[in-house]
Amino acid sequence: MGVERQLGRSVITLALRDFASPDPDLRAKVASWILADRHDFKQTCEMAELPFESTLNFFVSIAGEDLPVRRRSVEDALSVIDAG
């Protein structure tokens with residue numbers, strides 16, 4: 001795995017974990033990064049070799065879930081990322 005891809009995936013992995021955190025400030029920071037700085041988020045997805053639209057849609061789809069469901073969804077997503 002290339003260094004750039006690994007770095008991008010580490011950033012997305014951390015964002016996913018933070019988005020499933022019980023800490024509302026961490027969740028808000030992730031949401032702000034994705035929504036307010038969409039260009040940076042898109043570049044990170046491209047660097048990670050993850051499809052931008054699908055990754056964005058995943059974050060949006062779990063945003064309204066309660067924390068236990070969000071955590072399970074994130075763990076499933078992390079398994080897919082780790083396998084790729």
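Author: The expected span of a helix is 1.5 Å times one less than its number of residues. Helix α1 covers residues 3-19, which is 17 residues. From first C-alpha to last, α1 reaches 24 Å, close to the 24 Å expected. The model is predicted, so keep that in mind throughout.

Start with what is hidden. The buried residues of α1 are Arg 5, Gly 8, Arg 9, Ile 12, Thr 13, Ala 15, Leu 16, Asp 18 and Phe 19. These buried residues pack against α2 (24-36), α3 (38-48), α4 (52-63) and α5.

Now the nonpolar part. The largest nonpolar core has 20 residues. Ile 12, Leu 16, Ile 34, Phe 41 and Phe 59 touch the most other members. The elements α1, α2, α3, α4 and α5 each give two or more residues to this core. Take Ile 12. Beyond residues up to four places away in sequence, Ile 12 touches Trp 33, Phe 41, Thr 44, Cys 45, Ala 48, Leu 50 and Ile 81.

Next, the charges. Side chains of opposite charge can pair when their charged atoms come close. A search of the whole structure finds one salt bridge. Arg 5 forms a salt bridge with Glu 49, and the closest N and O atoms are 3.2 Å apart. The pair links distant parts of the chain, 44 residues apart. Arg 5 sits in helix α1, and Glu 49 sits in the loop between α3 and α4. Buried means under 20% relative accessible area, exposed over 50%. Arg 5 has 15% relative accessibility, so Arg 5 counts as buried. Glu 49 has 54%, so Glu 49 counts as exposed.

Asp 18 is also in α1. Asp 18 is buried yet has no salt bridge. The nearest side chain of opposite charge, Arg 17, is 8.0 Å away. Setting aside neighbours within four places in sequence, Asp 18 is in contact with Leu 26, Arg 27 and Val 30.

Arg 70 lies in helix α5, residues 67-83. Leaving aside neighbours within four places in sequence, the contacts of Arg 70 include Phe 19 and Arg 27. Arg 70 is buried and has no salt bridge. The nearest side chain of opposite charge, Asp 66, is 7.6 Å away. A polar atom of the Arg 70 side chain does lie 2.5 Å from the backbone oxygen of Ala 63.

Conventions. Residues numbered from 1 in each chain as written. Predicted model: local features only at pLDDT ≥ 70, side-chain atom pairs only at ≥ 80, totals over all residues. Heavy atoms only, no water. Helix = DSSP H or I, 4+ residues; strand = E, 2+ residues; numbered from the N terminus. Buried < 20%, exposed > 50% of the residue type's maximum accessible area, 1.4 Å probe, protein only. Lys, Arg positive; Asp, Glu negative; His and termini not counted. Salt bridge = Lys/Arg side-chain N within 4 Å of Asp/Glu carboxyl O. Polar contact = N/O pair within 3.5 Å; in protein donor to acceptor, adjacent residues only side chain to side chain. Contact = heavy atoms within 4.5 Å. Core = buried A, V, L, I, M, F, W, Y, C linked by side-chain atoms within 4.5 Å.
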